[in-house]
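Below are some comments on the model you sent. They are set out as numbered points and can be read alongside the coordinates.

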Amino acid sequence: MRLEFYGVRGTFPGQGRSGTKIGVNTPCARITTRTGETIIVDAGTGLRPLGEDLTARRRGKTALRVSLLLTHFHLDHIFGLPFYGPLYMSDTAIDVYSWREPEDTREILGRLSEAPLFPVPIETTPSKMAFSRIGEEGAVIGGARVTFCPLMHPQGCVAYKIEEGGRSIVFATDTEHPAEGLDGRLAAFARGASVFIYDAMYLPEEYLSGRQGWGHSTWEQGVRLAQAAGVSRLVLSHFNPDHDDHTIRKMRRAAARRFERTDAAAEGMKIKL
Ligand SMILES: [Zn+2]
Ligand SMILES: [Zn+2]
């Protein structure tokens, strides 16, 4: 599998106050399976540049088909969808998966482009869209196995695990840790993951000054989970739009002192598994 990040900001596109190499876009990541199929996790504003890449690199007249996994429906995770270029091409298909009923997913995403919010209703675009629910048993998508685990987040969210060839990637953004510190269910779900992507929205001191109950976590909890789950690599993500690159680098260094293989996600960052 190959993993590439297209958006790593939480809540709102942002860059801190002094420019950014980490990137401005909200959550979107691309996984390419061994058979060359594309799985996208979340449709944040990073979906727009991802759509551009997919169309630019398309060979000849091959149809473009992707599978999109949605962790939940907060705006920062779906707002890129109306701006996904391939939606407006007739030889493309997008299979949307979530943990909700297919009709709910279709209806919620449809609201995004309802008049007068957007000029083109998503469902009238030329691309073929299909909606599916991933059940407790998981699904096989593009040769990879996909399962989920509920997270602690207002209105619900899930972590996804994508496994292929003995390697696994776990996405766990938009989650808050319990007051006692460790989400045991998530630790069990992430056990032995090759890459564990975690919500590093707040600095520990920010979290403690009034952000409890907001549904997000800290790098410190990410380290605890990475250790408890015995993952190979921790990737911090879903960064606060007000955090500049310096703050995020400092956060990564602090985490790496306790868990050596820690990275801060950034747009364009690629991981081969
Ligand atoms: Zn979010
Ligand atoms: Zn959210």
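1. Rings of Phe, Tyr and Trp (its six-membered ring) are taken to pair if their centres lie within 6.5 Å. In this predicted model, Phe79, Phe83 and Phe118 make up one aromatic cluster. The count of aromatic pairs by this rule is three.

2. Lys161 sits over the face of Phe189, 4.5 Å from the ring centre.

3. Which residues coordinate the zinc ion (ligand 1)? The donors come from Asp76 (OD), His77 (NE2), Asp174 (OD) and His238 (NE2), at 2.1 to 2.3 Å. Along the chain, their spacing reads D-H-x96-D-x63-H.

4. The angles subtended by the four donor atoms around the zinc ion (ligand 1) run from 92 to 160 degrees, and the arrangement is therefore irregular. For a tetrahedral label, all angles would have to lie between 85 and 135 degrees. As a reference value, the ideal angle for four tetrahedral donors is 109.5 degrees. Water is not among the atoms, so the site may look incomplete.

5. Asp174 coordinates both the zinc ion (ligand 1) and the zinc ion (ligand 2), and these two ions are 3.6 Å apart. His77 belongs to helix H2 (residues 75-78), while His238 is in the loop between strand S12 (234-237) and helix H7 (245-258); the pair therefore ties together parts that are 161 residues apart in sequence.

6. Are these two histidines buried or exposed? His77 counts as buried because its relative accessibility is 0%. His238 is also buried, at 1% relative accessibility.

Technical notes. Residues are numbered from 1 along each chain as its sequence is written. Chains are lettered from A and ligands numbered from 1 in the order in which they are written. This is a predicted model: local features need pLDDT of at least 70, side-chain atom pairs count only at pLDDT 80 or more; totals for chains, interfaces and linings use all residues. Side-chain values use heavy atoms; hydrogens and water are left out. Donors are N, O and S atoms within 2.8 Å of the metal (3.2 Å for Na, K and Ca); water is not among the atoms, so sites may look incomplete. Four donors count as tetrahedral if all angles lie between 85 and 135 degrees; four count as square planar and six as octahedral if opposite donors are over 155 degrees apart and all others between 65 and 115; anything else is irregular. Helices (H or I, at least four residues) and strands (E, at least two) are DSSP runs, numbered from the N terminus. Buried means under 20% relative accessible area, exposed over 50%, partly exposed in between (1.4 Å probe, protein chains only). Rings of Phe, Tyr and Trp (its six-membered ring) pair if their centres lie within 6.5 Å; planes under 30 degrees apart count as stacked, over 60 as edge-to-face and the rest as tilted. A charge sits over a ring if NZ of Lys or CZ of Arg is within 6 Å of the ring centre and within 35 degrees of the ring normal.
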